[in-house]
Every structure is written in structure tokens, then in C-alpha cells.
Amino acid sequence: MNRDDPLVLGVETSCDETGIGIVRGRTLLSNTIASSMDEHARYGGVVPEVAARAHLEALQSAITAAVAEAGIALEDLDAVAVTSGPGLAGALMVGIGAAKALAVSLDTPLYAVNHLVGHIAADILTGDEVEYPTVALLVSGGHTSLLLVRDLVSDVELLGETMDDAAGEAFDKIARILGLPYPGGPEIDRAAASGDPNAIRFPRGLSRASDMAEHRYDFSFSGLKTAVARWVEQAEAAGEPVPIADVAASFREAVVDVLVTKALDACARHGVPRLLLGGGVIANRRLREVALERAAAAGVAVRIPPLSLCTDNGAMIAALAAELIMSGRTPSTLAFGADSTLPVTEIQVAVAE
């Protein structure tokens, strides 16, 4: 196996996007994504069984497309990588089964890696050197996590995470309350563009002084969701029109304020002047805008991978495996399965002795 510049295919099926990516070392060769979002839209959210079936149907064509785009043959691969967790168990199982079959048939090493750490690895594919330590804020439909990354392949610490709804879930639920379609993130963003972010002061979860000791870096959006729902209900009960743009903008501002405040607080307390943003919700224009503005004032450098590498994708999984290979890590055995709650500290699972 080429450990200096390994050719790796990554498989990502943790939620509703079938991602196949191929990298050579730290160079991106292909990033194919097949989304089943339209199938979930009729239900107003991701349905695990639908997601798993969609992965099964999309995997073969996605692999074929990725290989063609990269201009390689499967036999050229130095390794196969796959997301072991966290994520939806059924969806993960489909990707894991495919990756194991591919690795065995090609007699190729297999690396089972952590989805969340993969989001950090995506930044490597920008071509710029990543400096450590760095604080990473990962915000997606299923995860809202704040991490301290001292070394990508060996030392990732969870500082805090969501205690209920992830930020992306909160966007979807508020969009439904406002009568906006799924997925909620882009719809809230569009509606908020003409609204006043200061029109309504919605609560900032786990931000009071009394929360700081135990939940300084944790997130909670359920109280915010309830506050928005009650505000809308009261307006409707009074026969008043609901100012959708103002509600959307004020809700978005509350989410963004909490995310950025806690992330920059982590940078300050740990003496780390670097912040990496990742996950699909980073596509939110206001989040990027506020993060860049407030980080600049605090003397913190912000890194944001291209949006195509922020959403769930196979390239980030391949990139993480390539880093593991280049650092001398041995492959995983086949003795691993889907782990829907895989802790972020487990960067690679089932490591061979």
C-alpha cells in the first residue's frame, strides 16, 4: 500500500445523502453525492427506513460515477474507507456492507472512521495546511458539536454537543411551524433575508450564568423551538398576521448567536486562535457572516471548507482515512458494525493489532 500518497475511496451513508469520494493523499479527485432529500420532503423530515433503501439503490451508480470522474480503476485503490458512525443505524449498515464487500473483493485495506471527525478532515482538501490545535464547530441536521482538535488522527476532544434538537432539526421544525417547506434551513434563510433579526428576542439556550458550570459548551434548541411556536400561536389566536420574515430572522439570529458565542468562548478559554466550521448548516449565510465578523474582532482565524465539502460526503471520509494511512495507522478489521452513537474520541474503529 502506498502510504505516502494513498488513493482512497470513501463511503458515507450516515443520513440521507449517499456520498462517494476519492482522494489521492490530500488531493480531491471526485466527490459524488446522491441525495434522497426529495423522498423525505413529503414526510417533513428524514425517515430512516427510506434513507436506508435510497442508499441501497444509489450506491452502485454513485461508485461508478466517482471512479469515472477520478479517472481511476477500482483495482488502483490503496484503501477503502467508510463511516462507522455516528448516524442512522440502518443507513450506516448499508454503507458499511458495501464498503466491506468492496474491500474484500479487491483485497484492499479497509478503514472504518468517525463521521464527525470526517467533517474536520474535509478542510484538508482545500489545499491549505491545517494548523493544530483548532476548535471545530460542526453544525448539521443531526449533530451540533463543539470540538477541540489537537491532532486530527489521534486527539479530538468533545467540548460540548446538543442536548436535544440539533440546529438543523430546529430549522426544519420552525420552518414547519411557519408553513415553509422542507428542508427548513434554506427556506428559513430565504424568509429571513427580508426580516428584522431584532424584531423578537427569542431565548438563547444554555447561555445563562447558571448554565456555565455544567453546560458551558453544550447546546439546547428545544426551548427556542417552543418559544417560537408559542409566539406564533399567540399571534394567530389574536387574529394578527404572523410576520414570517421577522420570526424567521429572529429565530435564525438566536441560533447563530448561541453557536458563535460558545465557539469563540471555547477558542478564548483554550487559547486557540483558530475556528473551523463544518456541517451542512454552515451553508446558512448569516451564520458564516456573524462568525467571520465576530471572530475577526476576537483575533480568531476562521476556516470554512467549500460548501460542497461541508454537507455529508464521501470525500471527507476518504480524506480522514488517507491521513490515518499517512500517519502509519493500521487498517480496521472486519469486526465492526454501525454505531449510531460513536463518540468523537474514537477516530477509527476496529483497528487491527
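## The β2–β3 hairpin

In the hairpin of β2 and β3, 2 residues lie between the strands, and Gly-25 takes a positive phi near 65°. Strands here are DSSP runs of E with at least two residues, and helices are runs of H or I with at least four; both are numbered from the N terminus. This is a predicted model, in which local features need pLDDT of at least 70, side-chain atom pairs count only at pLDDT 80 or more, and totals for chains, interfaces and linings use all residues. Residues are numbered from 1 along each chain as its sequence is written, and side-chain values use heavy atoms, with hydrogens and water left out.

Strand β2 covers residues 17-24 and strand β3 covers residues 27-35. They pair in the antiparallel sense over 8 bridges. Two strands count as paired if DSSP finds at least two bridges between them. Glu-17 stands opposite Ser-35 in β3. Ile-20 has Thr-32 of β3 as its bridge partner.

## The sheet

Which strands form the open sheet, and in what order? There are 6 strands, in the order β3-β2-β1-β4-β5-β11, and the pairing is mixed. β3 and β11 (348-349) stand at the edges with a single partner strand each, so one side of each has no neighbour in the sheet. Strands of a sheet pair through backbone hydrogen bonds, either parallel or antiparallel.

## Two residues of helix α2

His-55 is found in helix α2 (residues 48-70). Is His-55 buried or exposed? At 1% relative accessibility, His-55 counts as buried. Buried means under 20% relative accessible area, exposed means over 50%, and partly exposed is in between (1.4 Å probe, protein chains only). The side chain of His-55 reaches the backbone oxygen of Cys-15 at 2.7 Å. This is a polar contact: a pair of N or O atoms within 3.5 Å, where within protein one must be able to donate a hydrogen and the other to accept it, and residues adjacent in sequence count only if both atoms are side-chain atoms. Leaving aside neighbours within four places in sequence, His-55 is in contact (heavy atoms within 4.5 Å) with residues including Thr-13, Asp-16, Ala-91 and Val-94.

Glu-49 is also in helix α2. Glu-49 is exposed, with a relative accessible area of 51%. Glu-49 and Leu-88 are 39 residues apart in sequence, and their C-alpha atoms are 9.4 Å apart in space.

## Helix α12

Helix α12 has 13 residues, 314-326. The expected span is 1.5 Å times one less than the number of residues. For α12 this gives 18 Å, and the end C-alpha atoms are 18 Å apart, which agrees.

How many residues of α12 are buried? 12 of the 13 are, so the helix is largely enclosed by the rest of the structure. Among them are Met-316, Leu-320 and Glu-323. At the start of α12, a side-chain oxygen of Asn-313 comes within 3.1 Å of the backbone nitrogen of Ala-315. Gly-328 follows α12, with a positive phi near 90°.

## Aromatic rings

The structure holds 2 aromatic pairs. Rings of Phe, Tyr and Trp (its six-membered ring) pair if their centres lie within 6.5 Å; planes under 30 degrees apart count as stacked, over 60 as edge-to-face and the rest as tilted. Phe-171 and Phe-251 form an edge-to-face pair, 5.1 Å centre to centre with 75° between the planes. This pair links distant parts of the chain: Phe-171 is in helix α5 (residues 167-177) and Phe-251 is in helix α9 (residues 244-270), 80 residues apart. Both Phe-171 and Phe-251 are buried.

Phe-219 and Phe-221 have ring centres 6.3 Å apart and planes at 10°, so the pair is stacked. Phe-219 is buried at 0% relative accessibility. The charged end of Lys-262 sits over the ring of Phe-219, 5.9 Å from its centre. Such a charge is NZ of Lys or CZ of Arg within 6 Å of the ring centre and within 35 degrees of the ring normal. Lys-100 lies over the face of Phe-336, at 4.5 Å from the ring centre.

## Backbone exceptions

Most residues other than glycine have a negative phi, and most peptide bonds are trans. A cis peptide bond joins Gly-85 and Pro-86, with omega about -10°. Another cis peptide bond joins Tyr-182 and Pro-183, with omega about 0°.

Asp-107 is not a glycine, yet has a positive phi of about 55°. Asp-107 is exposed, with a relative accessible area of 72%. Leu-206 also has a positive phi, near 55°. Leu-206 is buried, with a relative accessible area of 15%.
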